[in-house]
Amino acid sequence: MGSCQKGKSETDPHPGAYKCKKCGAVSEKEKHLCDAKKIKGDDKEKKKKKK
């Protein structure tokens, strides 16, 4: 496991990135966070917004 970012994100939240379950920090690399979970995207909502 990586070290906790203490709520300081490295990138903006987007599908494919990782978010820490404990502090909410976002990073591209899973091992940069202490309790990482992959962010899932919902393409259906994005398509509806464009129309």
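Predicted model: local features only at pLDDT ≥ 70, side-chain atom pairs only at ≥ 80, totals over all residues.
Reader: Okay, what pattern does the protein follow along the sequence?

Author: Helices (H or I, at least four residues) and strands (E, at least two) are DSSP runs, numbered from the N terminus. The protein has one helix and three strands. Read along the sequence, they give the pattern β-β-β-α.

Reader: In what order do the strands sit in the sheet?

Author: Two strands pair if DSSP finds at least two bridges between them. Strands β1 (residues 18-20) and β3 pair in the antiparallel sense over three bridges. The edge strands are β2 (26-27) and β3 (36-38), each pairing on one side only. That open sheet is antiparallel, and its order is β2-β1-β3.

Reader: Which residue in β3 is the bridge partner of Tyr-18?

Author: Strands of a sheet pair through backbone hydrogen bonds, either parallel or antiparallel. Here β1 and β3 pair in the antiparallel sense. The bridge partner of Tyr-18 in β3 is Lys-38.

Reader: Is Ser-27 buried or exposed?

Author: Ser-27 has its place in strand β2. Buried means under 20% relative accessible area, exposed over 50%, and partly exposed in between (1.4 Å probe, protein chains only). Ser-27 has a relative accessible area of 0%, so it counts as buried.

Reader: Which side chain does the side chain of Ser-27 join in a polar contact of 2.6 Å?

Author: A polar contact is a pair of N or O atoms within 3.5 Å; within protein, one must be able to donate a hydrogen and the other to accept it, and residues adjacent in sequence count only if both atoms are side-chain atoms. The side chain of Ser-27 also reaches the backbone nitrogen of Lys-29, at 3.3 Å. For the 2.6 Å contact, the partner is the side chain of Glu-10.

Reader: Which residues make up the largest nonpolar core?

Author: A nonpolar core is a set of buried Ala, Val, Leu, Ile, Met, Phe, Trp, Tyr and Cys residues joined through side-chain atoms within 4.5 Å. Ala-25 belongs to the largest one. Contact means heavy atoms within 4.5 Å, and, not counting residues up to four places away in sequence, Ala-25 touches several residues, including Tyr-18, Cys-20 and Leu-33. The five residues of that core are Tyr-18, Cys-20, Ala-25, Leu-33 and Cys-34.

Reader: Cys-20 and Cys-34 are both in there. How many disulfides does a search of the whole structure find?

Author: A disulfide here is a pair of cysteine sulfur atoms within 2.5 Å. Cys-20 is buried at 3% relative accessible area, and Cys-34 is buried at 13%. The sulfur of Cys-20 has its closest cysteine sulfur in Cys-34, but they are 3.4 Å apart, so that is too far for a bond. The number of disulfides found is zero.

Reader: What is the phi of Lys-6, which is not a glycine?

Author: Most residues other than glycine have a negative phi. Lys-6 is found in the segment before β1, and is exposed, with a relative accessible area of 69%. Its phi is positive, at about 55°.

Reader: How far apart in space are the C-alpha atoms of His-32 and Cys-4?

Author: His-32 is in the loop between β2 and β3, and is partly exposed, with a relative accessible area of 28%. Leaving aside neighbours within four places in sequence, His-32 is in contact with Ser-3, Gln-5, Glu-10 and Ser-27. His-32 and Cys-4 are 28 residues apart in sequence, while their C-alpha distance is 7.1 Å.

Reader: And what separates the C-alpha atoms of Lys-40 and Gly-16?

Author: Lys-40 sits in the loop between β3 and α1 (43-50). Lys-40 counts as exposed, at 77% relative accessibility. Along the chain, Lys-40 and Gly-16 are 24 residues apart, and their C-alpha atoms are separated by 6.5 Å.

Reader: Last one: what share of the residues count as buried?

Author: The protein has 51 residues. The share that count as buried is 18%.

Definitions and conventions: Residues numbered from 1 in each chain as written. Heavy atoms only, no water.
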